[in-house]
Amino acid sequence: MRPIVQISLDLTNIDEAIETAQLAMRAGVDWLEAGTPLILAEGLHGVRALRSAFPDTPIVADLKTMDGGYLEAEMMAKAGATHVVVMARAHEETIRCVVKAGADFGCQVMGDNMVSEDMIEGAKRLEDLGCDFVIHHIGYDERRGIAARGERMPSPMDQLRDVVNAVKIPVQAVGGLSIEQAIQCPQHGAPLVVLGAPLTIDADAFRTASGDLEGSLRMICEAVHAQDCAP
Ligand SMILES: O=C([C@H](O)CO)[C@H](O)[C@H](O)COP(=O)(O)O
């Protein structure tokens with residue numbers, strides 16, 4: 001699979017999300033993600049606004065579904081999402097329901113292994129239950145909590161190769177990656193590169209790469225697209 005750059009719009013209003021998405025699309029980003037904060041703040045209106053502004057762009061709705069999977073996926077697909085997210089820790093019936101809704105409404109399913117007791121088994125479970133992609137994810141609170149205790153912060157890079165080797169579906173690594181680590185994901189067999197915090201939480205540091213946010217993002221997109229994804 002050709003490497004893909006996805007931008008996570010972890011923002012809290014539609015105007016800011018559209019503005020950031022426009023910049024991202026000019027820079028060469030392939031997929032947009034309606035991040036969990038945007039979905040909480042703007043709901044289906046946020047996804048509809050992105051779909052209306054970007055009619056041909058894949059849109060991931062980061063719902064983090066734990067229950068009521070069919071309806072959540074149906075609503076997001078009808079609003080314009082091409083991808084929805086269900087959690088590996090959800091009941092297997094919930095994962096099956098999201099997969100069924102994906103098939104019924106033309107939407108692909110990304111399964112997120114965050115806080116799985118065993119991240120590799122979590123990824124396999126998602127594949128076995130019919131998900132189209134695995135999101136190998138170390139959560140924001142988990143990372144911050146561990147760092148606050150002065151311990152080494154876990155990274156999705158720690159087990160990325162093992163997760164990639166355990167499943168046949170494409171994998172995306174998420175959670176606290178540096179820009180360099182994100183760019184390297186295809187070399188570790190993970191073709192979906194997601195950029196989140198660098199554009200929002202850490203925007204100033206991100207700009208330092210070239211002094212200009214759009215220019216920096218363009219450089220990142222070019223670096224990702226120039227790679228072949230390792231098997
Ligand atoms: O999904 C996310 C998290 O659970 C909060 O909603 C974030 O999008 C994800 O953790 C982003 O991580 P960074 O790559 O560190 O921005």
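At the start of helix H1, a side-chain oxygen of Asn13 comes to within 3.2 Å of the backbone nitrogen of Asp15, where helices (H or I, at least four residues) and strands (E, at least two) are DSSP runs numbered from the N terminus. This is a predicted model, in which local features need pLDDT of at least 70 and side-chain atom pairs count only at pLDDT 80 or more, while totals for chains, interfaces and linings use all residues. Residues are numbered from 1 along each chain as its sequence is written, and side-chain values use heavy atoms, with hydrogens and water left out.

Helix H1 covers residues 14-27, and its 14 residues should span 20 Å at 1.5 Å a residue, the expected span being 1.5 Å times one less than the number of residues. The end C-alpha atoms of H1 are 20 Å apart, which agrees with that expectation. Just after the helix, Gly28 takes a positive phi of about 110°.

Within H1, the buried residues are Ala17, Ile18, Thr20, Ala21, Leu23, Ala24 and Ala27, where buried means under 20% relative accessible area, exposed over 50%, and partly exposed in between (1.4 Å probe, protein chains only). These buried residues pack against strand S1 (4-9), strand S2 (31-34), helix H2 (36-53) and helix H10 (213-225), contact meaning heavy atoms within 4.5 Å. Thr20, found in H1, counts as buried because its relative accessibility is 18%, and a polar atom of the Thr20 side chain lies 2.8 Å from the backbone oxygen of Glu16.

How many aromatic pairs does the structure hold? There are two aromatic pairs, and rings of Phe, Tyr and Trp (its six-membered ring) pair if their centres lie within 6.5 Å, with planes under 30 degrees apart counted as stacked, over 60 as edge-to-face and the rest as tilted. The rings of Trp31 and Phe133 have centres 5.8 Å apart and planes at 90°, so this pair is edge-to-face. The pair links distant parts of the chain, with Trp31 in strand S2 and Phe133 in strand S6 (residues 133-137), 102 residues apart. Trp31 is buried, with a relative accessible area of 8%, and Phe133 is buried too, with 5%.

Tyr70 and Phe105 also form an edge-to-face pair, 5.8 Å centre to centre and with 70° between the planes. Because Tyr70 lies in helix H3 (residues 69-79) and Phe105 in helix H4 (residues 92-105), this pair ties together parts that are 35 residues apart in sequence. Tyr70 is partly exposed, with a relative accessible area of 27%, and Phe105 is partly exposed with 29%.

Conventions: A polar contact is a pair of N or O atoms within 3.5 Å; within protein, one must be able to donate a hydrogen and the other to accept it, and residues adjacent in sequence count only if both atoms are side-chain atoms.
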